[in-house]
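Take a look at the structure first, and then let's go through it together.

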Amino acid sequence: MADVNRGNRPLSPHLSIYRPQLTSITSILTRITGNALLVAALLIVWWFLAAATSEEYFAVANAVVTSWFGDMIMFLSLWALWYHTLAGVRHLIWDNAMMLEIETAEKLGWCIIGGSVVLTILTALIV
């Protein structure tokens with residue numbers, strides 16, 4: 001049976017009411033980086049398949065991967081990998097019911113952001 005009062009009910013407060021918190025933003029960013037890593041993985045798989053196909057096709061794929069655009073994608077993918085890893089460690093900590101206090105959770109969020117940037121730069125400089 002159809003709900004006749006559907007239009008008269010109040011809507012649940014959403015983004016217009018609640019202020020975004022660091023923990024919610026980092027959680028959303030974890031999902032985004034996970035999906036972005038899939039796109040980067042597809043780019044690398046394309047590069048390997050081109051290498052196995054022909055020399056001409058590999059030249060095209062290699063030109064894309066080693067261009068400034070490819071370098072930017074790989075650098076951002078490196079950051080996404082570190083960010084996603086550190087966010088996963090944070091969730092393992094939370095799964096053990098540790099560091100769930102608001103102040104500590106905020107500190108963990110900033111540690112993930114700062115740690116991912118530092119580890120990305122260190123990895124790029126070393127490799």
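Q: Which residues make the nonpolar surface patch of about 1300 Å²?
A: This is a predicted model, where local features need pLDDT of at least 70, side-chain atom pairs count only at pLDDT 80 or more, and totals for chains, interfaces and linings use all residues. Residues are numbered from 1 along each chain as its sequence is written, and side-chain values use heavy atoms, with hydrogens and water left out. The nonpolar patch of about 1300 Å² is formed by W68, F69, M72, F75, L76, V117, V118, I121, L122, L125, I126 and V127.

Q: Which elements give two or more residues to the nonpolar patch, and which gives the most?
A: Elements here are DSSP runs numbered from the N terminus, with helices (H or I) of at least four residues and strands (E) of at least two. Those that give two or more residues to the nonpolar patch are α3 and α4. The most, six residues, comes from α4.

Q: Is V118 buried, partly exposed or exposed?
A: V118 belongs to the nonpolar patch and sits in helix α4. Buried means under 20% relative accessible area, exposed over 50%, and partly exposed in between (1.4 Å probe, protein chains only). V118 has a relative accessible area of 47%, so it is partly exposed.

Q: How many helices and strands are in the chain, and what pattern do they follow?
A: The chain has four helices and zero strands. Read along the sequence, the pattern is α-α-α-α.

Q: What share of the accessible surface of the chain belongs to carbon and sulfur atoms?
A: Accessible areas come from the Shrake-Rupley method with a 1.4 Å probe, and for residues only the protein chains shown count as cover. Buried residues make up 18% of the 127 residues in the chain. The accessible surface comes to about 9600 Å², and the share of carbon and sulfur atoms is 72%.

Q: What share of the contacts in the chain with a separation of 6 or more joins residues 24 or more positions apart?
A: A contact means heavy atoms within 4.5 Å. Among contacts with a separation of 6 or more, the share from residues 24 or more positions apart is 66%.

Q: At roughly what angle do the axes of α3 and α4 cross?
A: Axes are lines fitted to C-alpha atoms, for helices over the stretch in contact, and angles run from 0 to 180 degrees between N-to-C directions. Residues of α3 including W79, W82 and L86 meet residues of α4, among them I112, S116 and T120. The two axes come within 8 Å, and they cross at roughly 145°.

Q: Is S116 buried or exposed, and which residues does S116 touch?
A: S116 is found in helix α4, and with a relative accessible area of 0% it is buried. Its C-alpha atom is 8.7 Å from that of T85, 31 residues apart along the chain. Not counting residues up to four places away in sequence, S116 touches W79, W82, Y83, L86 and C111.

Q: Which residues are in contact with T120, leaving aside its neighbours within four places in sequence?
A: T120 lies in helix α4, residues 102–126. T120 counts as buried because its relative accessibility is 2%. Leaving aside those neighbours, its contacts are F75, L78, W79 and W82.

Q: What distance separates the C-alpha atoms of K107 and L22?
A: K107 lies in helix α4 and, at 57% relative accessibility, counts as exposed. K107 and L22 are 85 residues apart along the chain, and their C-alpha atoms are separated by 9.4 Å.

Q: What are the phi values of A97 and M99?
A: Most residues other than glycine have a negative phi. A97, in the loop between α3 (68–95) and α4, counts as exposed at 58% relative accessibility. M99 is in the loop between α3 and α4 and is partly exposed, with a relative accessible area of 35%. Both have a positive phi: A97 near 55° and M99 near 60°.

Definitions and conventions
Patch = residues over 30% accessible without salt bridge, like charges linked within 9 Å, V, L, I, M, F, W, Y side chains within 5 Å. Salt bridge = Lys/Arg side-chain N within 4 Å of Asp/Glu carboxyl O.
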